[in-house]
Amino acid sequence: MNKLLKTLVFDGQISLSVLDTTEMVNQAIKIHKLSPVCAAALGRTLTVCTFMSSNLKNRLDKLSVTVKGDGPGGKITVCGNGELAMRGFIDNPNVDLPLREDGKLNVGACVGKNGRLTVVRSMGLKDPYTGSSELITGEIAEDFTAYFAFSEQQPTAMALGVKIGVDGTCVGAGGVIVQAMPGASEDALFLAEQITKDCANVSTLIEEHGAEWIVKELFFTDKFNEYQPEYKCLCSREYIEKVLISLGKDELNDIIEKEGKIKVDCQFCDKVYEFDETDIQKFFG
């Protein structure tokens with residue numbers, strides 16, 4: 001079961017979020033047939049975006065994040081909402097790279113350093129909020145830490161991890177994310193950052209101990225709110241129909257004439273929707 005545990009620590013000076021996204025990453029691996037390094041790249045992004053979605057004010061508010069570097073994995077896209085229904089994909093899911101010298105998956109090389117991280121929040125207002133920052137390492141955690149500092153002026157520290165077993169499945173994935181509350185002391189932020197650094201192997205901690213253990217044993221509290229995010233695509237045939245209708249009858253008929261049918265692939269869940277001439281006639285009465 002995926003978990004997000006949220007609480008305040010150090011006399012309410014620091015916001016703490018601990019995530020177990022192992023099941024979510026395995027769902028993504030199953031859908032997209034991800035290589036280990038692509039599973040780590042997408043999994044880390046899904047984890048931090050789950051945290052960001054939990055900060056949306058309303059359940060139908062939406063979050064969209066892209067991480068676009070110059071690595072062979074291509075662009076990473078993750079979407080979520082206030083209900084913590086998360087989904088994502090990476091352009092080239094089968095990329096395989098040698099391990100780093102320390103034996104870890106080379107996510108930075110897969111993503112690439114040269115590029116940008118872009119965040120769009122749609123909160124029912126006329127215009128969505130958009131923020132962006134340059135990639136720092138392509139390792140995801142450092143990139144989002146920089147995004148929070150430069151684009152949102154929010155002091156943040158985080159550890160993200162995805163551990164892939166010998167059979168290609170995820171055995172542990174998650175994150176530890178701390179942010180300073182207004183008026184937080186430098187001492188409190190320093191201590192939170194130091195503990196977060198000790199969670200550099202967070203995927204192993206999740207695998208062996210679980211998210212609750214991290215909150216209780218490393219941050220010294222047993223009081224927290226628990227949420228259950230999930231990998232959930234929101235596509236449907238009805239939604240695809242509305243998109244097609246917006247293209248107009250003439251364009252759809254032209255596609256039917258050339259291709260014989262219209263086929264739409266959902267990038268988030270790999271479902272395929274097909275429409276024929278009879279369907280097009282029904283769209284327009």
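This report walks through the cysteines, the nonpolar cores and the helix packing of a predicted model.

Residues are numbered from 1 along each chain as its sequence is written. Because the model is predicted, local features need pLDDT of at least 70 and side-chain atom pairs count only at pLDDT 80 or more, while totals for chains, interfaces and linings use all residues; side-chain values use heavy atoms, with hydrogens and water left out.

**Cysteines**

Let's start with the sulfurs. A disulfide here is a pair of cysteine sulfur atoms within 2.5 Å, and by this rule the count is zero. Cys-38 is in no disulfide, its nearest cysteine sulfur being that of Cys-110 at 4.1 Å. For Cys-199 the closest cysteine sulfur, in Cys-170, is too far away for a bond. Residues are called buried under 20% relative accessible area, exposed over 50% and partly exposed in between (1.4 Å probe, protein chains only).

**Nonpolar cores**

A nonpolar core is a set of buried Ala, Val, Leu, Ile, Met, Phe, Trp, Tyr and Cys residues joined through side-chain atoms within 4.5 Å. The largest one has 64 residues, and Val-67, Ile-76 and Phe-144 touch the most other members. Helix α2 (residues 36-53) gives the most to this core, namely eleven residues. Helices (H or I, at least four residues) and strands (E, at least two) are DSSP runs numbered from the N terminus. A separate, second core of 23 residues includes Cys-199, together with Val-18, Leu-205 and Phe-219.

What does Ile-76 contact, leaving aside its neighbours within four places in sequence? Counting heavy atoms within 4.5 Å as contact, its partners include Ala-41, Leu-42, Val-67, Phe-89 and Ile-140.

**Helix packing**

Helix α1 (residues 22-32) packs on α2 at about 135°, with the axes 10 Å apart. Axes are lines fitted to C-alpha atoms, for helices over the stretch in contact, and angles run from 0 to 180 degrees between N-to-C directions. The pair is therefore oblique, since under 35 degrees is roughly parallel, over 145 roughly antiparallel, 65 to 115 roughly perpendicular and the rest oblique. On the α1 side, Met-24, Val-25, Ala-28, Ile-29 and His-32 meet Ala-39, Leu-42, Gly-43, Leu-46 and Thr-50 of α2.

Helix α4 (residues 141-151) has buried residues including Asp-143, Phe-144 and Tyr-147. Its buried residues pack against α2 and several strands, among them β3 (62-68) and β9 (170-180). Just after α4, Gln-153 has a positive phi of about 50°.
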